[in-house]
Amino acid sequence: MKLDLILRDADIITLDPVRPRAQSVGVLHGRIVGFDEKLAGCTAARDVSLGGAAVVPGFIDAHCHTTWWGLGLDAVDLSKARGLEELYALLEAEAERLAGEPGRWVQGTGFNQKHHGGAFPDIRRLDAITGDRPLYLRHTSGHLSITNTATLRLAGVFEPGFSNPTGGAVLRSGDGYPTGIVEESAQALVQNLLLPYPVEQIVDALDAATTRYAAEGITSFTEAGIGGGWIGHSPVEVQAYQAARRAGKLHARAQLMPALDALRPLEANARDMHGTGSGRGLDLGAVAGFGDEHLSLGPIKVFMDGSLLGATAAVTEDFCGHQHNTGYLLDTPEAYRERIDAAYRAGWPVALHAIGDAAIDLAIEIITSCQDRYGRNALPNRIEHFGIARPDQVAAVAAAGIAVTPQASFISPLGDQMAALVGPEREGWLYRGRSLVDAGVLPAGSSDLPVADNNVLRALQSSVDRRTERGLLLGGAAEGLTPEEALRSYTEWAAIATGTEADKGTLRTGKLADFAVLSGSPLDAPDIAALEVLATIVGGDFTHDLITQSALIGADS
């Protein structure tokens, strides 16, 4: 029998208890057809010897922001600046580069106040650099932006009677003048000046972003918010993904979470929508699961609170150093209950962004209420981030069967800041690992890119050692996962959380032929982060390939 692909001489880690290891695997029509002895007598259009390299299930990033990151690849990288003078110099250089293009915005991404002694840029200095040119700088958390007077004027902030939108704020100094910092949903004031992005630009962003995903071993991802709110980029964002797929510019499988704001009221037969006849959804009644193995709809994405780094996450006790600041919900509990219930009864599972423990309380209440009233929808219900989770909340999500997506990728670059904001008594609640697994909750691996990078191997190592940049063991060593559990978080457990475990997450005959080829086994490497992604394979096709490139270079030398 002639197959499409055979990988040989490999250390194949299947994560399937029926057959945990193999040395060769065959692929036909994008799916696994067998291992080892099942391939006897088979040939293949492409037969590749891996020289003992490790093969694991393709990595699944269960929560990331692909379009946002892809669009930002052309922006000024502010993460490199150390001290505000360096940041100002970067912006001056960009303004000079754009001098011959009137109307072009100065855009930057990756700002974190930790690189500047906790300070934010001075709007007066930003105005001096940019003049009348609009400015848009995104914080690494995604939950605040920094801008200038020219942009705030375009956004109507100086108009008589202006007031902050629900769930956000334009911050002001003591004299009442804006500081340039725009928090949470108020970012829409700036975003609306840029939206909607054209489909062609989104396609190019997806091409650039998912090419880089392939280099990290990522074969599938969930886009956490499209089509509406301040997280969306176009009301026809699905069309952009479809166009990218047709053009060969989508280099990983995509599950798309529509933002709650993208839904509209729907009326149907009185017997539909759990006997209510009404709900919130998309036209024609498309719901989660609609699509195919390459591109499909996921749960509804709902922002319930802010960010930990911005001290806007809704918590039950003050943030350290911020007396009487417990963050805030981005809307009223009553509004969340009504809108989420309407989406849920229309058939949508939900993915609720809840970082602070107060927001997590509300998220658990709403999900359990919907599950009790209407049963389960097509995909799991999720709490995104689950950032500051009390022990009783761990037990509650376990009992309710709610999936969670904490980000181990945050631990190294952001863990010290987070620990300082919650203090030693709550530090053990941050982005949990072991305590979730012990309770029966399987944490899904995710990056929240671009909040943190999507280097999966580094995230796996952080899941194991939980070490911050300054050497703190976040939550203590007891929260660390085993290397196998860390690997499962980005494979099997992420597949379960995204409702795709029938096709992904482990390697078994009949499942999708999605593989990451690594320079060594992550199960016994002294430092998982030091391993290299040698190749990435989606449906039997190489999306990233250092193996063949190396062989060709060797043949030419």
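Trainee: What makes E184 the partner of G168 in this predicted model?

Mentor: E184 lies in β14, and the bridge partner of G168 there is E184. The model is predicted, with local features needing pLDDT of at least 70, side-chain atom pairs counting only at pLDDT 80 or more, and totals for chains, interfaces and linings using all residues. Residues are numbered from 1 along each chain as its sequence is written, and side-chain values use heavy atoms, with hydrogens and water left out.

Trainee: How do you know that β13 and β14 pair?

Mentor: Two strands pair if DSSP finds at least two bridges between them. β13 and β14 (residues 178-184) have four bridges, in the antiparallel sense, so they meet that definition.

Trainee: What is the order of the six strands in the open sheet?

Mentor: The order is β9-β10-β11-β12-β14-β13, with mixed pairing.

Trainee: Why is one side of β9 and of β13 left without a neighbour in the sheet?

Mentor: β9 (76-77) and β13 (168-172) stand at the edges and each has a single partner strand, so one side of each has no neighbour there. Strands are DSSP runs of E, at least two residues; helices are runs of H or I, at least four. The protein chain has 18 helices and 26 strands.

Trainee: Why is the protein chain called as compact as a globular protein of that length?

Mentor: The globule rule is 2.2 Å times the number of residues to the power 0.38, and the radius of gyration is taken over C-alpha atoms. For 557 residues the rule gives 24 Å; the radius of gyration is 24 Å, so the description holds.

Trainee: How many of the residues are buried?

Mentor: Buried residues, those under 20% relative accessible area (1.4 Å probe, protein chains only), make up 60% of the 557.

Definitions and conventions. Buried means under 20% relative accessible area, exposed over 50%, partly exposed in between (1.4 Å probe, protein chains only).
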